[in-house]
Amino acid sequence: MKDSPLREPTFLILTALAARAQHGYGILLDVEEISAGRVKLRAGTLYTALDRLSADGWVAVDREQVVDGRLRRYYRLTDEGAARLETEVRRLRAQTQAAERRLRLRPAGGTA
């Protein structure tokens, strides 16, 4: 299952963590921004995904801090997670390039 295509929320979470460690709310906002507002994760969905990604070795807890009496946990992308994200980027790029090549071959005006 680790080599199968990533589901979009997983791809977006890994992408959000690619540049820096973030806490949950920051990941939620980043996923929404990366997806141009199309994907809005709920907190429960995010933390379930983070638990799964942590078990897979793709993300890890970077640090914890207490803010206003509440624990804030920051997550980071691991080297294994970065490699998996890069694999998915290559897969998506190859599919996009195939679609672009085929669109260039398409007859003008299309068919009915």
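Exposed means over 50% relative accessible area and buried means under 20%. The model shown is predicted.

**View 1. Ala-36 in the loop between helix 2 and helix 3.**
Ala-36 has a relative accessible area of 72%, over the 50% cut-off, and is therefore exposed. The residue comes after helix 2 and has a positive phi, near 55 degrees. Ala-36 is a residue other than glycine. Most residues other than glycine have a negative phi.

**View 2. Asp-68 in the loop between strand 2 and strand 3.**
Strand 2 covers residues 59–67. Phi of Asp-68 is positive, near 55 degrees, and Asp-68 is not a glycine. With a relative accessibility of 78%, Asp-68 counts as exposed because the value is over 50%.

**View 3. The largest nonpolar core, with 20 residues.**
The residues with the most contacts inside this core are Ile-13, Leu-14, Leu-17, Ile-27, Val-31 and Leu-50. Two or more core residues come from each of helix 1 (8–18), helix 2 (24–34), helix 3 (43–55) and strand 3 (70–77). Helix 1 gives the largest share, 5 residues. Leaving out residues up to four places away in sequence, Leu-14 touches Leu-6, Leu-53, Trp-58, Val-59, Leu-77 and Leu-85.

**View 4. The packing of helix 1 and helix 3.**
The axes of helix 1 and helix 3 are 11 Å apart, and the packing angle is about 75 degrees. That angle falls in the range of 65 to 115 degrees, so the two helices are roughly perpendicular to each other. On the helix 1 side the contact is made by Thr-10, Ile-13, Leu-14 and Leu-17. On the helix 3 side the contact is made by Leu-46, Ala-49, Leu-50, Arg-52 and Leu-53. Sorted by class, the contact of helix 1 with helix 3 has 7 nonpolar residues, 1 polar and 1 charged.

**View 5. The packing of helix 2 and helix 3.**
The axes of helix 2 and helix 3 come within 10 Å and cross at roughly 105 degrees. Helix 2 and helix 3 are therefore roughly perpendicular to each other. From helix 2, the residues Gly-24, Tyr-25, Ile-27 and Leu-28 take part. They meet Ala-43, Leu-46, Tyr-47 and Leu-50 of helix 3. The residues of this contact divide into 7 nonpolar and 1 polar, with no charged residue.

**View 6. The buried residues of helix 2 and what covers them.**
Gly-24, Gly-26, Ile-27, Leu-28, Asp-30 and Val-31 are buried in helix 2. The cover over the buried residues of this helix includes helix 1, strand 1, helix 3 and strand 3. Ile-27 and Val-31 are also among the residues with the most contacts inside the largest nonpolar core.

**View 7. Asp-30 in helix 2.**
The relative accessibility of Asp-30 is 13%, under the 20% cut-off, so the residue counts as buried. Apart from neighbours within four places in sequence, Asp-30 is in contact with Ala-16, Arg-20 and Gln-22. Between the side chains of Asp-30 and Gln-22 there is a polar contact of 2.9 Å. The C-alpha atom of Asp-30 is separated by 20 Å from that of Gln-65, which is 35 residues apart from Asp-30 along the chain.

**View 8. Gln-22 in strand 1 (residues 22–23).**
Gln-22 has a relative accessible area of 6% and is buried. Not counting residues up to four places away in sequence, Gln-22 touches Ala-16, Leu-17, Ile-27, Asp-30, Arg-73, Tyr-74 and Tyr-75. Leu-17 and Ile-27 are also among the residues with the most contacts inside the largest nonpolar core. The 2.9 Å polar contact with the side chain of Asp-30 is made by the side chain of Gln-22.

**View 9. His-23 in strand 1.**
His-23 is buried, at a relative accessible area of 17%. With residues up to four places away in sequence left out, His-23 touches Arg-72, Arg-73 and Tyr-74. Arg-73 and Tyr-74 are also among the residues that Gln-22 touches.

Key:
Residues are numbered from 1 along each chain as its sequence is written. This is a predicted model: local features need pLDDT of at least 70, side-chain atom pairs count only at pLDDT 80 or more; totals for chains, interfaces and linings use all residues. Side-chain values use heavy atoms; hydrogens and water are left out. A nonpolar core is a set of buried Ala, Val, Leu, Ile, Met, Phe, Trp, Tyr and Cys residues joined through side-chain atoms within 4.5 Å. Buried means under 20% relative accessible area, exposed over 50%, partly exposed in between (1.4 Å probe, protein chains only). Helices (H or I, at least four residues) and strands (E, at least two) are DSSP runs, numbered from the N terminus. Contact means heavy atoms within 4.5 Å. Axes are lines fitted to C-alpha atoms, for helices over the stretch in contact, and angles run from 0 to 180 degrees between N-to-C directions. Angles under 35 degrees count as roughly parallel, over 145 as roughly antiparallel, 65 to 115 as roughly perpendicular and the rest as oblique. Ala, Val, Leu, Ile, Met, Phe, Trp, Tyr, Cys and Pro count as nonpolar, Asp, Glu, Lys and Arg as charged, and the others, Gly among them, as polar. A polar contact is a pair of N or O atoms within 3.5 Å; within protein, one must be able to donate a hydrogen and the other to accept it, and residues adjacent in sequence count only if both atoms are side-chain atoms.
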